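My plan is to look things up one at a time and write down what I find.

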Amino acid sequence: MSYRYSSRSTQRLSTCHPDLVLLFTEALADPACPSDMSIIEGFRGRDRQNEMKTQGKSQLAWPKSRHNQVPSMAVDAAPYVGGISWDWAYYPPLAKHIKQVWERLQAEGRVSPSHRLTWGGDWQSFPDGPHWQLDT
């Protein structure tokens, strides 16, 4: 099955680095995508970032998050299964798919070779299933 982003998700994704836009567009359009997805956030301004820190949803205050750059070097994407799902069971299959699409885009030379893709779900101290970022 092939999915498409809502206009809200498309707008949020448009605030991100072109490599993230391409990755998440290709990942969702791929018939092998294990679930629909929603883009929760791309760029975060000062107030939003500090709010996320205060709520314990981020460990970083403004301007230290990759979400705080223009374009955003981070995106939060969640499985959409009858609505945004926080059920961890949906995240690893989606992460595996996104990583495979990234590897394909790298092999095709369609994303910057200086970027590494990091999934927050792989972090040991603060696992963050929706979070994806580009590192250099």
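**Entry 1: a helix pair.** I began with the handedness of one crossing. H2 and H4 cross in a right-handed sense. I note that the model is predicted. H2 covers residues 18-29, and H4 covers residues 91-107. Their axes come within 9 Å. The crossing angle is roughly 120°. That value makes H2 oblique to H4, because roughly perpendicular stops at 115 degrees and roughly antiparallel needs over 145.

I then asked which residues of H2 meet H4. On the H2 side I listed Asp-19, Leu-22, Leu-23, Phe-24, Glu-26 and Ala-27. On the H4 side I listed His-97, Ile-98, Val-101, Trp-102, Arg-104 and Leu-105. Sorted by class, the contact has eight nonpolar, one polar and three charged residues.

**Entry 2: the whole chain.** I stepped back to the protein chain. I counted four helices and four strands. In what order do the elements run from the N terminus? They run α-α-β-α-β-α-β-β.

Next I checked the overall size. The radius of gyration is 14 Å, close to the 14 Å that the globule rule gives for 136 residues, so the chain is as compact as a globular protein of that length. Along the principal axes, the C-alpha atoms fill a box of roughly 40 × 35 × 30 Å.

I looked up burial too. Of the 136 residues, 45% count as buried. Then I turned to contacts between residues at least 6 apart in sequence. Of these, 61% join residues at least 24 apart.

**Entry 3: one loop.** I moved to the loop between helix H3 (46-54) and strand E2 (74-80), and picked out Ala-61 there. Is Ala-61 buried, partly exposed or exposed? Ala-61 has 30% relative accessibility, so I put it down as partly exposed, because that class lies between 20% and 50%.

I asked what Ala-61 touches beyond its neighbours within four places in sequence. The contacts are Gln-49, Asn-50, Lys-53 and Asn-68. I also took a distance to Glu-26, which sits 35 residues from Ala-61 along the chain. Their C-alpha atoms are separated by 31 Å. Glu-26 was already in my notes, as one of the H2 residues that meet H4.

**Entry 4: two prolines.** I stayed with the loop between H3 and E2, where Pro-63 has its place. The peptide bond from Trp-62 to Pro-63 is cis, with omega near -5°. Pro-71 is found in the loop between H3 and E2 as well. The bond from Val-70 to Pro-71 is cis, and its omega is near -5°.

Technical notes. Residues are numbered from 1 along each chain as its sequence is written. This is a predicted model: local features need pLDDT of at least 70, side-chain atom pairs count only at pLDDT 80 or more; totals for chains, interfaces and linings use all residues. Side-chain values use heavy atoms; hydrogens and water are left out. Axes are lines fitted to C-alpha atoms, for helices over the stretch in contact, and angles run from 0 to 180 degrees between N-to-C directions. Angles under 35 degrees count as roughly parallel, over 145 as roughly antiparallel, 65 to 115 as roughly perpendicular and the rest as oblique. A crossing is left-handed if the near helix is turned anticlockwise from the far one by less than a right angle, and right-handed if clockwise. Contact means heavy atoms within 4.5 Å. Ala, Val, Leu, Ile, Met, Phe, Trp, Tyr, Cys and Pro count as nonpolar, Asp, Glu, Lys and Arg as charged, and the others, Gly among them, as polar. The radius of gyration is taken over C-alpha atoms; the globule rule is 2.2 Å times the number of residues to the power 0.38. Buried means under 20% relative accessible area, exposed over 50%, partly exposed in between (1.4 Å probe, protein chains only).
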